[in-house]
Amino acid sequence: MRYANPTRGLHRAAFGFKRDRLPNAVEYFREQGLKLVGGGEWKSAVCPFHQDTRPSLRVRIETGAFRCMVCGAHGGDVLAFHMQRYELRFIEAARTLGAWEEAR
Ligand SMILES: [Zn+2]
């Protein structure tokens, strides 16, 4: 899934998306109720995007990237996950995750 980053070209702006404030991927997925299993950089979890019966979702703990081998849901970070799970727009999801600095 691709989405526009509305902060592009505004790197010096005081407001906007702050990637470094995104939650840690392991903690985020745990809070989302995902049980991460397996060793190594990629973990497996029961996919929340379809009626999954066994861990079909692959999650990269370093970046938050995810991909489901059954339904095809995928994204590059916890923000993409949050947008898809709760059908939020970029800014809404960034706000919810505490990674959006409001204009003053
Ligand atoms: Zn799935």
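Tutor: Start with a definition: four donors count as tetrahedral if all angles lie between 85 and 135 degrees. Keep in mind that this is a predicted model.

Student: What makes the arrangement around the zinc ion tetrahedral?

Tutor: The 4 donor atoms subtend angles of 103 to 119°. The cut-offs are 85 and 135 degrees, so the arrangement is tetrahedral.

Student: How do you know which atoms are the protein donors of the zinc ion?

Tutor: A donor is an N, O or S atom within 2.8 Å of the metal. Cys47 (SG), His50 (ND1), Cys68 (SG) and Cys71 (SG) lie 2.1 to 2.3 Å from the zinc ion, so they are its protein donors. Along the chain, the donors follow the spacing C-x2-H-x17-C-x2-C. Cys47 is in the loop between β2 and β3, and Cys71 is in the loop between β4 and β5, so the pair ties together parts 24 residues apart in sequence.

Student: Why is Cys47 called buried, and what is Cys71 called?

Tutor: Buried means under 20% relative accessible area, and exposed means over 50%. Cys47 has 3% relative accessibility, so Cys47 counts as buried. Cys71 has 36%, so Cys71 is partly exposed.

Student: What makes Arg19 and Asp77 a salt bridge?

Tutor: The rule asks for a side-chain nitrogen of Lys or Arg within 4 Å of a carboxyl oxygen of Asp or Glu. The closest N and O atoms of Arg19 and Asp77 are 2.9 Å apart, so the pair forms a salt bridge. Arg19 lies in the loop between β1 and α1 and Asp77 in the loop between β5 and α2, so parts 58 residues apart in sequence are tied together.

Student: Are Arg19 and Asp77 buried or partly exposed?

Tutor: Arg19 has a relative accessible area of 47%, so Arg19 is partly exposed. Asp77 has 5%, so Asp77 is buried. A side-chain oxygen of Asp77 also reaches to within 3.2 Å of the backbone nitrogen of Leu79, at the start of α2.

Technical notes. Residues are numbered from 1 along each chain as its sequence is written. This is a predicted model: local features need pLDDT of at least 70, side-chain atom pairs count only at pLDDT 80 or more; totals for chains, interfaces and linings use all residues. Side-chain values use heavy atoms; hydrogens and water are left out. Donors are N, O and S atoms within 2.8 Å of the metal (3.2 Å for Na, K and Ca); water is not among the atoms, so sites may look incomplete. Four donors count as tetrahedral if all angles lie between 85 and 135 degrees; four count as square planar and six as octahedral if opposite donors are over 155 degrees apart and all others between 65 and 115; anything else is irregular. Helices (H or I, at least four residues) and strands (E, at least two) are DSSP runs, numbered from the N terminus. Buried means under 20% relative accessible area, exposed over 50%, partly exposed in between (1.4 Å probe, protein chains only). A polar contact is a pair of N or O atoms within 3.5 Å; within protein, one must be able to donate a hydrogen and the other to accept it, and residues adjacent in sequence count only if both atoms are side-chain atoms.
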